[in-house]
Amino acid sequence: MRKGNHGGRPSVVDDDKLAIARARHAKGESVAAIAMAVVISRATLYRHIGESA
């Protein structure tokens, strides 16, 4: 078995996008507006914000 190689699709959300999204969400902005601004889907945003809760 090879070590160090993992399959799967890379994440669309990097640390910068996630930090921006979390800051805007903390200010009370809607998830739909944040997702449009950061250019990710609402479902992806909910999944990543849910990980921090």
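**Ala19**

I looked up Ala19 and noted that this residue is partly exposed, at a relative accessible area of 45%. The classes I used are buried for under 20% relative accessible area, exposed for over 50%, and partly exposed in between, with a 1.4 Å probe and protein chains only. I placed Ala19 in helix H1. Helices here are DSSP runs of H or I with at least four residues, strands are runs of E with at least two, and the numbering starts from the N terminus. From Ala19 I went to Ile49: the two are 30 residues apart in sequence, and their C-alpha atoms lie 9.9 Å apart in space.

**On the model**

I am working with a predicted model, where local features need pLDDT of at least 70 and side-chain atom pairs count only at pLDDT 80 or more, while totals for chains, interfaces and linings use all residues. Residues are numbered from 1 along each chain as its sequence is written, and side-chain values use heavy atoms, with hydrogens and water left out.

**H1 and H2**

I checked how H1 (residues 15-26) packs with H2 (residues 31-38), and found an angle of about 155 degrees and axes 10 Å apart. H1 is therefore roughly antiparallel to H2. Angles under 35 degrees count as roughly parallel, over 145 as roughly antiparallel, 65 to 115 as roughly perpendicular, and the rest as oblique. The axes are lines fitted to C-alpha atoms, for helices over the stretch in contact, and the angles run from 0 to 180 degrees between N-to-C directions.

Which residues make the contact? I listed Lys17, Ile20, Ala21, Arg24 and His25 on H1, and Val31, Ile34, Ala37 and Val38 on H2. Contact means heavy atoms within 4.5 Å. By class, I noted six nonpolar, one polar and two charged residues there. Ala, Val, Leu, Ile, Met, Phe, Trp, Tyr, Cys and Pro count as nonpolar, Asp, Glu, Lys and Arg as charged, and the others, Gly among them, as polar.

**Salt bridge**

I found a salt bridge between the side chains of Arg24 and Glu29, at 2.7 Å from N to O. The rule asks for a side-chain nitrogen of Lys or Arg within 4 Å of a carboxyl oxygen of Asp or Glu. Arg24 is partly exposed at 27%, and Glu29 is partly exposed at 27%.

**Val39**

I noted a positive phi for Val39, near 65 degrees, in a residue other than glycine. Val39 sits in the loop between H2 and helix H3 (42-52), and is exposed at 63% relative accessible area.
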